[in-house]
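Hi everyone, thanks for coming. I'd like to walk you through one structure today, so let me put it on the screen.

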Amino acid sequence: MSEREFHCDNCEGVQPFEAPPCVDGHGTDCPELVCTGCGAAVLIATFAFHAPQLTARRRRPSTHRRAA
Ligand SMILES: [Zn+2]
Ligand SMILES: [Zn+2]
């Protein structure tokens, strides 16, 4: 079992997080970590985090102005 230290908002400080018993079949690769301080805060460790590409579509303000 590997412990990692992260900041916990509940504990208002850095606490060791440990992987909870995984029920999703992740095994040792389970990204979930539970704060051992309060036992409530679950942290999803994003080891290889890929930022979702926001398809920033440029919206053109439709200018349907009719000349009077
Ligand atoms: Zn899991
Ligand atoms: Zn905590």
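Let's begin with a question: which residues are the protein donors of the zinc ion (ligand 2)? They are Cys 8, Cys 11, Cys 35 and Cys 38, each through its SG atom, at 2.3 to 2.5 Å from the zinc. Please keep in mind that this is a predicted model.

Along the chain, those donors of the zinc ion (ligand 2) follow the spacing C-x2-C-x23-C-x2-C. The geometry of the site is tetrahedral, with angles of 105 to 114 degrees among the four donor atoms. For reference, the ideal angle for four tetrahedral donors is 109.5 degrees.

Now, are Cys 35 and Cys 38 buried or partly exposed? Cys 35 is buried, with a relative accessible area of 1%, whereas Cys 38 is partly exposed at 33%.

Two of the zinc donors, Cys 8 and Cys 35, also turn up in the largest nonpolar core. As a general point, nonpolar side chains tend to be buried together in soluble globular proteins.

Let's stay with Ala 41 for a moment. Setting aside neighbours within four places in sequence, Ala 41 is in contact with Cys 8, Phe 17, Leu 33 and Cys 35, and also with Asn 10 and Val 34.

Phe 17 has another partner to show you. The structure holds one aromatic pair, and it is formed by Phe 6 and Phe 17. The rings sit edge-to-face, 5.8 Å centre to centre, with 85 degrees between the planes. Phe 6 lies in strand β1, residues 3-8, and Phe 17 in strand β2, residues 13-18, so the pair ties together parts that are 11 residues apart in sequence. Phe 17 is buried, with a relative accessible area of 1%, while Phe 6 is partly exposed at 23%.

For a contrast, have a look at Pro 21, in the loop between β2 and β3. Pro 21 counts as exposed, at 75% relative accessibility. Its C-alpha atom is 9.7 Å from that of Val 34, which is 13 residues away along the chain.

Finally, a word on confidence. The chain has a mean pLDDT of 79, and 76% of its residues reach 70 or more. Where pLDDT is low, the predicted coordinates should not be read in detail.

How values were computed:
Residues numbered from 1 in each chain as written. Chains lettered and ligands numbered in written order. Predicted model: local features only at pLDDT ≥ 70, side-chain atom pairs only at ≥ 80, totals over all residues. Heavy atoms only, no water. Phe/Tyr/Trp six-rings, centres within 6.5 Å; stacked < 30°, edge-to-face > 60°. Helix = DSSP H or I, 4+ residues; strand = E, 2+ residues; numbered from the N terminus. Buried < 20%, exposed > 50% of the residue type's maximum accessible area, 1.4 Å probe, protein only. Donors = N, O, S within 2.8 Å, 3.2 Å for Na, K, Ca; no water. Tetrahedral: all angles 85-135°; square planar, octahedral: opposite > 155°, others 65-115°. pLDDT = per-residue confidence, 0-100. Core = buried A, V, L, I, M, F, W, Y, C linked by side-chain atoms within 4.5 Å. Contact = heavy atoms within 4.5 Å.
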